[in-house]
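Reader: Please show me the sequence and the structure. I will then ask about them one point at a time.

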Amino acid sequence: MADLIAVLDGSHLVEVGTHEELMSSGGHYAELYGLQAAAYQTGSAPSPSGGH
């Protein structure tokens with residue numbers, strides 16, 4: 001529902017755009033969004049680092 005999304009990595013601004021723009025760029029936002037969406041489908045949140 002946001003007009004503009006800003007993605008921070010620590011104190012660094014790494015991405016800015018709409019949801020559609022950030023998803024199509026395949027960056028941090030798209031990765032985190034995918035992890036969150038997967039947690040809703042499976043019922044458990046996967047680790048962002050891919051570890052166990």
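Author: Buried means under 20% relative accessible area, exposed means over 50%, and partly exposed lies in between, with a 1.4 Å probe and protein chains only. This is a predicted model, in which local features need pLDDT of at least 70, side-chain atom pairs count only at pLDDT 80 or more, and totals for chains, interfaces and linings use all residues. Residues are numbered from 1 along each chain as its sequence is written, and side-chain values use heavy atoms, with hydrogens and water left out.

Reader: Is Ile5 buried or exposed?

Author: Ile5 has its place in strand S1, where strands (E, at least two residues) and helices (H or I, at least four) are DSSP runs numbered from the N terminus. Its relative accessible area is 17%, under the 20% limit. Ile5 is therefore buried.

Reader: Which residues does Ile5 touch, not counting residues up to four places away in sequence?

Author: Contact means heavy atoms within 4.5 Å. The C-alpha atoms of Ile5 and Val16 are separated by 5.6 Å, although the two are 11 residues apart along the chain. With residues up to four places away left out, Ile5 touches Glu15, Val16, Gly17, Thr18, His19, Leu22 and Tyr29.

Reader: In which sense do strand S1 and S2 pair?

Author: Two strands pair if DSSP finds at least two bridges between them. Strand S1 covers residues 5–9, and S2 covers residues 12–17. Ile5 has Gly17 as its bridge partner in S2, while Ala6 has Val16. Over five bridges, the sense of the pairing is antiparallel.

Reader: Which residue takes a positive phi in the hairpin of S1 and S2?

Author: The hairpin has two residues between the strands. The phi in question is near 70 degrees, and the residue is Gly10.

Reader: How does Val16 count by relative accessibility?

Author: Val16 is found in strand S2. Its relative accessibility is 46%, between the 20% and 50% limits. Val16 therefore counts as partly exposed.

Reader: How is the aromatic pair classed?

Author: Rings of Phe, Tyr and Trp (its six-membered ring) pair if their centres lie within 6.5 Å; planes under 30 degrees apart count as stacked, over 60 as edge-to-face and the rest as tilted. By this rule the count is one aromatic pair. The rings of Tyr29 and Tyr33 have centres 6.0 Å apart and planes at 25 degrees, so the pair is stacked.

Reader: About how many helical turns separate Tyr29 and Tyr33, and how does Tyr33 count by accessibility?

Author: Tyr29 and Tyr33 are four residues apart in helix H2 (residues 28–42), so about one helical turn separates them. Tyr29 is buried, with a relative accessible area of 16%. At 37% relative accessibility, Tyr33 counts as partly exposed.

Reader: What pattern does the protein chain follow along the sequence?

Author: The protein chain has two helices and two strands. Of its 52 residues, 15% count as buried. Read along the sequence, the pattern is β-β-α-α.
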